[in-house]
Amino acid sequence: MPPAPAPALRTALLEWFDHARRDLPWRQGPEGGRDPYRVWVAEILLQQTQVSRGRLYYERFLDTFPTVQALAAAPQDAVLKAWEGCGYYARARNLHRAAGIVAQAGFPTTYDGWLALPGVGPYTAAAVSSLAYGAAHAVSDGNVRRVLARVQGERQPTDAWVQAQADALLDPARPAAWNEAVMDLGATVCTPKAPDCPRCPLREWCAAYASGEPTAYPAPKRRAAVQEIRAAALLVGDTEHALLEQRTGTLLGGLFGLPLEEVKPGEKDMDTALTRLQHRLGLVGTAPTLLGEVTHAMTHRRLQISVYWLPGTAAPGRMTAIGEAALSRLDHKALALLRGPQRLL
DNA sequence: AAAACGGGGAG
DNA sequence: CTCCCAGTTTT
């Protein structure tokens, strides 16, 4: 199959996009001239997060922080609270840090200017500079990677290959629309497992379609092993107030949660971990009650937590209001053992 | 170049 | 169960 002709491809995809585009809350305003704050927040929120999921959080976050000034002025705890449950919390910490810079210096207007902000990489810099300022920078994300790998028949697309292909195909007349069009196509037609080739505007140029096995492009990435972890957690308190610790480090850093002690590799039961936990908290007087087990899957870990309980009188003066702290889903599951099932959103 | 980083949806 | 999602940062 000859290389796909860029002009024909652009015409076909943009024609499709002009009637099939998704109506999304961050797509207000003129093509290539959207509100940079709204676009920026959306792009950060949507990193490794599906659109259907992201839009739930988007409205809540913009209601809480309607402007970059409001975001910059807020304490980090409030930002993490608005991000609660959404995952990859470094995104919220970086967005907050970047908001401080933007509130001071103003919004960047170029790709390089955006790229310099914390939490903004090549994808986001291209997205915001094109969608809000009309810059001719091609986005490269999971959708773009899959669409271009299929059109060009490339099973092992590298990051550099995808970016080069995207740069070459970008419509210089409508860069913002082109970027959104490729992503919309990847999300709604050229999907990973069940592409709807009969509805695809690029079908006649698509090498993967011609091969008869479009889902073979690109080949699956290999996965990192999942680590099994057991831990003891102690719920000191009640359904309203509990003894919480603020987690540090990269994993759930900044969030609050129940004190947790991992079961070390040689230990056969929870008792040792629970004892370590009680000593660390200075609560060795009474034996906690076992509330139950919680399992929680993360990308590289599978946690099994035994949750123990001491009534709130055990730690007077050290209690945090649960409703005001940002907790991971893991901790909400643990709390649910005491207060009954509840939805976070 | 590879690992770490959440959580959920789709098949 | 596996794979993937409007990726970025750190190692």
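UniProt positions are given in the numbering used here, feature names are shortened, and annotations may be inferred rather than shown by experiment. On that basis, the UniProt annotation "domain: HhH-GPD", which comes from an unreviewed entry, covers residues 45–188. The structure described is a predicted model.

Two helix pairs were examined. Helix H5 (residues 76–83) and helix H6 (residues 90–105) have axes that come within 9 Å and cross at roughly 135°. An angle over 145 degrees would count as roughly antiparallel, and one from 65 to 115 as roughly perpendicular; H5 and H6 are therefore oblique to each other. Their crossing is right-handed. On the H5 side the contact involves Gln76, Val79, Leu80 and Trp83, which meet Ala92, Arg93 and His96 of H6. By class, these contact residues of H5 and H6 comprise four nonpolar, two polar and one charged.

The second pair consists of helix H8 (122–133) and helix H11 (175–188). The axes of H8 and H11 lie 8 Å apart, and the helices pack at an angle of about 130°. H8 and H11 are therefore also oblique to each other, but the crossing of H8 and H11 is left-handed. Ala127, Ser130 and Leu131 of H8 form the contact with Pro175, Ala176 and Asn179 of H11. Four nonpolar and two polar residues make up the contact of H8 with H11, with no charged residues.

Both H8 and H11 also take part in the surface near DNA strand C, where helix H2 (36–45), H8, helix H9 (142–152) and H11 each supply at least two residues. There are 29 residues around DNA strand C, and those that come nearest are Gly121, Thr124, Asp141, Gly142 and Met183. The surface near DNA strand C divides into 13 nonpolar, ten polar and six charged residues.

DNA strand B is surrounded by 21 residues. The closest to DNA strand B are Gln48, Gly87, Thr250, Thr299 and Ser328. In the surface near DNA strand B, nine residues are nonpolar, nine are polar and three are charged.

Methods
Residues are numbered from 1 along each chain as its sequence is written. Chains are lettered from A and ligands numbered from 1 in the order in which they are written. This is a predicted model: local features need pLDDT of at least 70, side-chain atom pairs count only at pLDDT 80 or more; totals for chains, interfaces and linings use all residues. Axes are lines fitted to C-alpha atoms, for helices over the stretch in contact, and angles run from 0 to 180 degrees between N-to-C directions. Helices (H or I, at least four residues) and strands (E, at least two) are DSSP runs, numbered from the N terminus. Angles under 35 degrees count as roughly parallel, over 145 as roughly antiparallel, 65 to 115 as roughly perpendicular and the rest as oblique. A crossing is left-handed if the near helix is turned anticlockwise from the far one by less than a right angle, and right-handed if clockwise. Two residues are in contact if their C-beta atoms, placed from the backbone, lie within 7 Å. Ala, Val, Leu, Ile, Met, Phe, Trp, Tyr, Cys and Pro count as nonpolar, Asp, Glu, Lys and Arg as charged, and the others, Gly among them, as polar. A residue is near a molecule or strand if its C-beta atom, placed from the backbone, lies within 6 Å of it.
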